[in-house]
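Have the sequence and the 3D view ready as you read.

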Amino acid sequence: MALTLYVDTARWRAHHKHVQEQFPGLVPVCKGNGYGFGHERLAEEVTRLGADILAVGTTYEAARIKDWFSGDLLVLTPYRRGEEPVPLPDRVIRSVSSVDGVYGLVGARVVIEVMSSMKRHGVTEQDLPQLHAAIENVRLEGFAIHLPLDRTDGSDAVEEVIGWMDRLRAARLPLHTMFVSHLKTEELARLQQQFPQTRFRARIGTRLWLGDHEATEYRGAVLDVTRVSKGDRFGYRQQKAPSDGFLVVVAGGTSHGVGLEAPKALHGVMPRAKGVARAGLATVNRNLSPFVWAGKQRWFAEPPHMQVSILFIPADAPEPKVGDELVAHLRHTTTQFDRLVDR
């Protein structure tokens, strides 16, 4: 009995090919928990796509995935002097976001990140004159720019990239390759048309692996079902059942990521109102679980345990049976499955 990730493999792979066709020179990204699939599985899929390079989050991820992928590995976290050394092969390319970082990687293959409107990290326009001397002692693979997902000010992503291309060109820095993130197909085409001598390579993770929501599904197996009457006490905290119904023990707990949720940026009145409502219900121990039964998302009976969750199903719903599987709406990047099943 397990929390299972089911994958419609043919559909999932067809989506990968579609994205690859939309973005020539695609750089697949595999970081964190491998977008819910794991590093080893995604390395296999990248090899199947025939990609020559794979982007990972950290040097530790590069050290793990190097045995599963034989092409180049691009580490997205920028190098910092004094970081813990991790033994890596020469095919690993380091991202750098400062002039000092470039000087610290003599002889290494590097991609230099420029400061975008994300304002996360990157070299600034003022740093460019110093880069000429710095890049003489590294193998420069190109520059990179990481763009925001939303542009609430109405600005144009392409114009932001063009601005940096003009600055780099004015500083007489090599522009043979530019790695970009969060651009649309037509935006990438505009850039390629304007700068035909530069190869633009889109780094894509979420859109590639999770862009087709119908290709994957989490399901938790029912382990036990206990009938309760209104007022019966149950669980670690001995709460009272709100009405007649069933306590359903289902595979999937905090160790799987169930009950854990990344903060969301809320836009508009309705999403904010729903957020306030959820917070209010949580103060009286009413928390909606990710598990669905009989067409409805069901409530946690109590906070999820380490490997299982206990749900309350009211008596007017069909009684679940041991061995049934409940669909679970879980975020891939925070979920750890027990098993993955291709179908």
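**Cavity, pocket and salt bridges**

The largest cavity has a volume of about 40 Å³. This is a predicted model, in which local features need pLDDT of at least 70 and side-chain atom pairs count only at pLDDT 80 or more, while totals for chains, interfaces and linings use all residues. Residues are numbered from 1 along each chain as its sequence is written, and side-chain values use heavy atoms, with hydrogens and water left out.

Q: How many cavities of 30 Å³ or more does the structure hold?
A: A cavity is a set of points, on a 1 Å grid over the protein atoms alone, where a 1.4 Å probe fits but cannot get out. Grid points are joined across faces, edges and corners, and a volume is the space filled by probe spheres set on the points. With 30 Å³ or more as the cut-off, the number of cavities is one.

Q: Into which classes do the residues lining the largest cavity divide?
A: Lining residues have an atom within 4 Å of a point, and here they are Glu113, Val114, Ser116, Met118, Arg120, His121 and His146. Ala, Val, Leu, Ile, Met, Phe, Trp, Tyr, Cys and Pro count as nonpolar, Asp, Glu, Lys and Arg as charged, and the others, Gly among them, as polar. The lining of the largest cavity therefore divides into two nonpolar, three polar and two charged residues.

Q: Which residues are the closest to the centre of the largest pocket?
A: A pocket is an open set of points with protein on both sides within 12 Å along at least five of seven lines. The largest pocket has a volume of about 1400 Å³. Of the 47 residues that line this pocket, the closest to its centre are Tyr35, His182, Gly205, Thr206 and Arg207.

Q: Which element supplies the largest share of the lining of the largest pocket?
A: Helices (H or I, at least four residues) and strands (E, at least two) are DSSP runs, numbered from the N terminus. Strands S8 (177-181), S9 (199-204), S10 (216-228) and S17 (325-328) each give at least two residues to the lining, as does helix H8 (206-210). By class, the lining has 20 nonpolar, 15 polar and twelve charged residues. The largest share, four residues, comes from H8.

Q: Which residue forms a salt bridge with arginine 11?
A: A salt bridge is a side-chain nitrogen of Lys or Arg within 4 Å of a carboxyl oxygen of Asp or Glu, and the structure holds 22 of them. In the pair with arginine 11, the closest N and O atoms are 2.7 Å apart. The two residues link distant parts of the chain, 201 residues apart, with arginine 11 in helix H1 (residues 9-22) and its partner in the loop between H8 and S10. That partner is aspartate 212.

Q: Is aspartate 212 buried or exposed?
A: Buried means under 20% relative accessible area, exposed over 50%, and partly exposed in between (1.4 Å probe, protein chains only). Arginine 11, at 37%, is partly exposed. Aspartate 212 has a relative accessible area of 16%, so this residue is buried.

Q: How many residues apart are arginine 109 and aspartate 72?
A: The side chains of arginine 109 and aspartate 72 meet in a salt bridge at 2.9 Å, N to O. Arginine 109 sits in strand S6 (residues 109-114) and aspartate 72 in strand S4 (residues 72-75), so the pair links distant parts of the chain. Arginine 109 is buried at 12%, whereas aspartate 72 is partly exposed at 21%.

Q: Which residues are linked in a network of salt bridges?
A: Side chains of opposite charge can pair when their charged atoms come close. The network links Arg13, Arg41, Glu45, Arg48 and Asp342.

Q: What is the phi of lysine 119 near?
A: Lysine 119 has its place in the loop between S6 and helix H5 (128-134). This residue is exposed, with a relative accessible area of 67%. Its phi is positive, in a residue other than glycine, and near 55 degrees.

Q: What share of the residues in the protein is buried?
A: The protein has nine helices and 18 strands, and its C-alpha trace spans about 75 × 45 × 40 Å along the principal axes. Of the 343 residues, the buried share is 47%.
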